[in-house]
Amino acid sequence: MTENLTNTVSTSEMPVSESPQDIAPVTDTSRLKLALQEKLKRGININGEFHLPCVPSMLDDYLKLLSDFLKLVGQNLGNPETENLKTLLGNALAAGFKQSPHATLIVSYFPANSQTGLSGGITIDTKIQVQSMADKYHSWPQIRPEPLFGSYPDAKVMEIVAELGEPKQSPILDVGAGPGRNSLPLARLGHPVDAIELTPIFAEKLSATATAENLPVTVTQGDVLDPLLRMKTYRYKLAIATEVLSHFRHPEQVRLFLGKMSDSVLSGGFILFSTFLAVEGYEPDDMAKQMSEQSWSYLITKQELETAIEGLPLEIISNESVIEYEQKHLPKAAWPPTTWFISWASGRDLFPIQETPPIELRWILVKRF
Ligand SMILES: C[S@@+](CC[C@H](N)C(=O)[O-])C[C@H]1O[C@@H](n2cnc3c(N)ncnc32)[C@H](O)[C@@H]1O
């Protein structure tokens with residue numbers, strides 16, 4: 001989806017020097033060269049686009065990038081023009097980011113007047129291209145190797161499931177089930193599985209596989225955070241959300257998710273989810289938080305997690321590194337689950353550094369009392 005904002009800024013036109021008519025011809029070659037260069041500028045046309053991730057905290061960096069670029073092509077922005085450009089970019093970044101962390105700000109530039117080329121100033125236009133998470137996932141099967149999220153169920157999921165008792169009597173809720181990496185093996189063990197999945201192609205694929213194998217899986221296509229998406233209450237022995245909270249955007253959504261899960265899970269049952277947690281002593285700033293949403297690595301602090309759980313009938317039982325746990329417990333052939341998994345789960349998709357990043361994907365196991 002693409003949409004336009006009120007969106008134009010022009011650099012000022014260059015003053016054109018007026019030569020008096022009634023004096024002797026100019027023969028100074030340097031003076032004439034300047035005139036020729038000025039004439040040439042009228043014949044130079046440029047146009048192009050910057051595609052900038054809609055991250056509001058990058059406003060000053062983007063403003064510098066564009067100002068430096070304009071300077072390079074002979075367009076010096078004055079103070080009012082810089083302020084206008086800043087307002088234009090700021091509004092567009094905020095509007096795009098609000099709609100999706102995967103929105104792109106497209107800044108296009110072209111001569112303000114095609115007859116006067118670079119000497120007539122440059123016009124800057126902005127438009128926002130919004131892509132939702134589901135839009136992005138929709139293209140995955142074309143651009144990524146199958147299986148998209150790995151061939152094996154999570155070892156941590158299987159460890160907890162082994163404690164639940166008779167599978168037929170142990171219904172499981174799989175939130176953000178994807179194409180069924182966990183749902184399908186759990187249903188094959190005999191567990192009744194209710195799956196909720198936002199991305200239509202994954203919901204359809206999971207449903208089709210379950211039907212083909214006659215498995216006890218019911219699939220609901222929808223957003224778990226949608227207040228109108230009602231779930232069965234007090235039914236499940238286990239609710240899982242693996243690699244899903246990395247798509248959330250606010251701590252309030254973590255609380256809403258946990259609230260809904262605590263309604264759905266039986267007393268004594270469990271909720272297992274993975275989430276990116278900041279290490280003790282690291283306080284993420286706005287840029288890190290916004291970019292974590294954009295990098296599918298939405299991060300929360302331990303404090304935010306504790307606040308999200310406060311007052312709910314839930315207790316955190318364990319908090320472990322997903323990489324350490326899965327590497328240790330998955331069969332050798334299953335590690336790593338995908339080519340991108342280690343970089344992503346170690347926090348390096350957000351912080352591309354050799355050293356240890358200050359966030360990582362953690363298994364959080366919660367008990368419903
Ligand atoms: C990385 S995939 C993981 C799929 C599966 N849980 C697994 O571990 O293999 C994340 C999935 O969560 C789904 N998802 C993200 N946010 C969701 C939400 N609010 N409600 C339902 N599904 C969601 C996405 O559509 C996607 O299929």
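**Domains.** I began with the contact between the two domains, where eight residues of domain 1 meet nine residues of domain 2. On the side of domain 1 that touches domain 2, I find five nonpolar residues, three polar ones and no charged ones. The model I am reading is a predicted one, and the division I follow in it gives domain 1 as 2-18 + 27-131 and domain 2 as 134-368. I noted that the C-alpha centres of domain 1 and domain 2 lie 43 Å apart.

**Core.** I next looked up the largest nonpolar core, which has 78 residues, and in which Ala 239 and Ile 240 have the most contacts. Strand S9, residues 265-278, contributes the most to this core, namely eight residues. At least three residues of this core come from each of domain 1 and domain 2. I then listed what Ala 239 touches, leaving aside residues up to four places away in sequence, and found Leu 173, Val 175, Met 261, Ser 264, Val 265 and Ile 271.

**Strand S12.** I turned to strand S12, residues 359-368, and found that eight of its ten residues are buried, so that the strand is recorded here as mostly covered. S9 and S12 run antiparallel and are joined by nine bridges, with Leu 272 standing opposite Leu 365 in S12. Strand S11, residues 314-321, also pairs with S12 in the antiparallel sense, over seven bridges, and there I noted Glu 320 opposite Trp 363 in S12.

**Helix H9.** In helix H9, residues 286-294, I recorded Gln 290, Met 291, Ser 292 and Glu 293 as the buried residues. Their cover includes helix H3 (79-99), S9 and strand S10 (299-300). Just after H9, I found that Trp 296 takes a positive phi of about 60°.

**Backbone exceptions.** I kept in mind that most residues other than glycine have a negative phi, and that most peptide bonds are trans. Tyr 234, in the loop between strand S7 (217-221) and strand S8 (236-241), has a positive phi near 50°. Is Tyr 234 buried or exposed? I count it as exposed, because Tyr 234 has 12 C-beta neighbours inside 10 Å. Glu 243, which is found in the loop between S8 and helix H8 (251-264), has a positive phi of about 65° although it is not a glycine. Glu 243 counts as buried, because it has 23 C-beta neighbours inside 10 Å.

I also looked for cis peptide bonds, and noted one that joins Glu 146 and Pro 147, with omega about -5°; Pro 147 is found in the loop between helix H4 (133-143) and helix H5 (155-161). A cis peptide bond also joins Trp 335 and Pro 336, where omega is about -10°, and Pro 336 lies in the loop between helix H11 (322-329) and helix H12 (341-345).

**Ligand.** Last, I asked which residues are closest to the ligand. I found 19 residues surrounding the ligand, the closest being Phe 149, Gly 176, Gly 178, Arg 181 and Leu 198.

Key:
Residues are numbered from 1 along each chain as its sequence is written. This is a predicted model: local features need pLDDT of at least 70, side-chain atom pairs count only at pLDDT 80 or more; totals for chains, interfaces and linings use all residues. A residue is near a molecule or strand if its C-beta atom, placed from the backbone, lies within 6 Å of it. A nonpolar core is a set of buried Ala, Val, Leu, Ile, Met, Phe, Trp, Tyr and Cys residues joined through C-beta atoms within 7 Å. A residue is buried if 20 or more other C-beta atoms lie within 10 Å of its own, exposed if 12 or fewer, and partly exposed in between; C-beta atoms are placed from the backbone. Helices (H or I, at least four residues) and strands (E, at least two) are DSSP runs, numbered from the N terminus. Domain bounds come from an automatic or database domain assignment. Two residues are in contact if their C-beta atoms, placed from the backbone, lie within 7 Å. Ala, Val, Leu, Ile, Met, Phe, Trp, Tyr, Cys and Pro count as nonpolar, Asp, Glu, Lys and Arg as charged, and the others, Gly among them, as polar. Two strands pair if DSSP finds at least two bridges between them.
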